[in-house]
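Here is a friendly briefing on how side chains pack and pair in a protein model. Take a look at the structure, then follow the points below.

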Amino acid sequence: MEIDRIGVVGLITTVFAALIFSTLIVEYEFPVFKYADPDQPPKLVESETAIIGQEVSRFLWDYRAIDLIAQAFVLFAAAACCTALLRTEERKK
Amino acid sequence: MFTPPLDALLMLMVATPAVGWVAYKKGYRKVPGIYASASLLVAAYFLYGLYKEVEVAENGIVTRAFDIPLGACLEIDFFSVFMAFLYIIIGLFATVYSIKFMERDSGLTEYYTLMLGMIAGMTGIVFAGDFFTLFVFWELMCLTSYALVAFRKQKWEPIEAGFKYLIMSAAGSATILLAMSFLYGMTGTLNFAALADGLTAATSEGWLYITLALVIVGFGVKAAIVPFHTWLPDAHSAAPSPISAMLSGVMVQTGACALVRVLLLVFNSAQPAWQMTLAVFAVFTMFGGNLMALLQDDLKRLLAFSTIANLGYIIFGFATVSHDGLTASLFHITNHAIMKTLLFLCAGAFIRQTKTRDLRKLRGIGKIMPVTGVFFAIGTIAIAAFPPLNGFWSEMMIIAAGVRAEMIIFSTLTLANMALSVVYYFRLIRIIILEEPTKVSKRATKAPVSMLIPLLILAFLCVFIGVYPGPFIGASSKAAEALLNIEAYADAVLGGL
């Protein structure tokens, strides 16, 4: 049987990456919302309010309408893609 | 809704099927193409209005969608306007060219709908002020480009290339989504300004570096960074030539630009890590592209590998993280878009008349199609960085920026790659222009005038920018300044709180 060398290298790399990733997950605790604390220095911009992270995340949950509108266009494009690829061929003579 | 140019592109895209349906009923097959070209002109007009707005705005940034401080779904600075102009102009050339080039194909309404969708997606990406907004427009761009690559579905090659592109690009998008979820988990936000602000303190956070790796891989797939580039030669060569021009001229650069914007804003605290990584990837990308281009006998495949090499130069300019480097890269993005669009459209004209992409069969085609041949020669000499054409200036600026950033080894390798690329560009000129025509070449007839008009303008731009680069370097410099001004970008949103 012929061995696909690139395939073997790819497989080893994938397993290696998965191992590193698993080790990192086990060894290092994920910093859940650690950097959402607005009082934590240093800051890029001076702000008058102390709740930037929460305000922005609240905005993200409450006002996703704009992204949903964009998503509607993505769905429209998906429909156009299906129509384009499933069209019947009528090449001009 | 979003901004006038983006609204115009999206609404006119939605109206395209209706226009196409009516036009087909009346027997006017060219109407969808003319409509798409007019739509892009309308978008360009609105974009000019937005540019004027950006010029007078405080810090040169306009925020849209909802009121400040929280309405930063779209954050438009000079960089956004600069890139959007490029997308619309290159899109216009490709659309005008397509009217004649695609006349024998079916599904033209869908073709132009998808073309407008792809340009809207790219524009949305550079306007986005929020990672999620960027991702939605990213999906719009990717989705439309998959179908456009596989558009000539009656042949096996576009289907195979489209499928490969779909799989690789979807994997890249999934990687970006994973990175976004990590960023949200760390900061509780996906807003670029808030991310930039929140992660300033995260210099020693291991998870930040994991997220950084995911971002580089995710965007790297679209930016065709070696080793994530394998979809590109297949997709570019199998797609219809105007789509190859769009993919090669602007779409892959969108990936690179999105990457550098995210890196500069979100991963500013990890700059030393990604700067060197990007420089190393840039060198691999240059070598990969140039060495593979030397081996090609397929005209479009050779041009596709040349795109990979040029992306290496662009990414190297970005990796200097200096005003000079970013200016040079953005100037090269402009030049490369013009040169590569010209070359792919010329290649399209050759292929349309001979039905082959094989360079061995295309020998001497420039003698049979002299006007297209001259335009092709101008594009090739320009991309080979010969003075006084446009490619020379931007490539030299990238080298100079690298030297100024004290990245001497990388600059030397970039220079060596530029010299290497001259070999296959001159081989192209020899085969296409100087050699005696083959039987296949002799059968070709001259390209239609409507296809030559975009070529004429693009060839003129190669010469004009070459002899008068000042305004274009100035615009690139302003865009680079906007890209580097992270404080102003964050302040436009958070400063209002």
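B:Phe464 is partly exposed, with 30% relative accessible area (buried means under 20%, exposed over 50% and partly exposed in between, using a 1.4 Å probe and protein chains only). B:Tyr468 is partly exposed too, at 46%. This is a predicted model, in which local features need pLDDT of at least 70, side-chain atom pairs count only at pLDDT 80 or more, and totals for chains, interfaces and linings use all residues. Residues are numbered from 1 along each chain as its sequence is written, chains are lettered from A and ligands numbered from 1 in the order in which they are written, and side-chain values use heavy atoms, leaving out hydrogens and water.

**Aromatic rings**
- A search of the whole structure finds 24 aromatic pairs over all chains; rings of Phe, Tyr and Trp (its six-membered ring) pair if their centres lie within 6.5 Å, and planes under 30 degrees apart count as stacked, over 60 as edge-to-face and the rest as tilted.
- B:Tyr111 and B:Tyr112 are edge-to-face because their ring planes are at 85°, with the centres 5.0 Å apart.
- B:Tyr111 is buried at 0% relative accessible area, and B:Tyr112 is buried at 1%.
- B:Phe464 and B:Tyr468 also make an edge-to-face pair, with centres 5.7 Å apart and planes at 65°.
- One aromatic cluster brings together A:Phe21, A:Phe30, B:Phe182 and B:Trp207.

**Charges over rings**
- The charged end of A:Arg87 sits over the ring of B:Phe151, 4.1 Å from its centre (NZ of Lys or CZ of Arg must be within 6 Å of the ring centre and within 35 degrees of the ring normal).
- B:Lys478 lies over the face of B:Phe78, 4.6 Å from the ring centre.

**Nonpolar cores**
- The largest nonpolar core has 202 residues, and B:Phe131, B:Phe219, B:Phe267 and B:Trp274 touch the most other members (a core is a set of buried Ala, Val, Leu, Ile, Met, Phe, Trp, Tyr and Cys residues joined through side-chain atoms within 4.5 Å).
- A second, separate core of five residues includes B:Ala194, B:Ala490, B:Val493 and B:Leu494.

- B:Cys257 is buried, at 1% relative accessible area.
- B:Cys462 is in no disulfide, and the nearest cysteine sulfur, that of B:Cys346, is 9.5 Å away.
- B:Cys462 is buried, at 0% relative accessibility.

Note on methods:
A disulfide is a pair of cysteine sulfur atoms within 2.5 Å.
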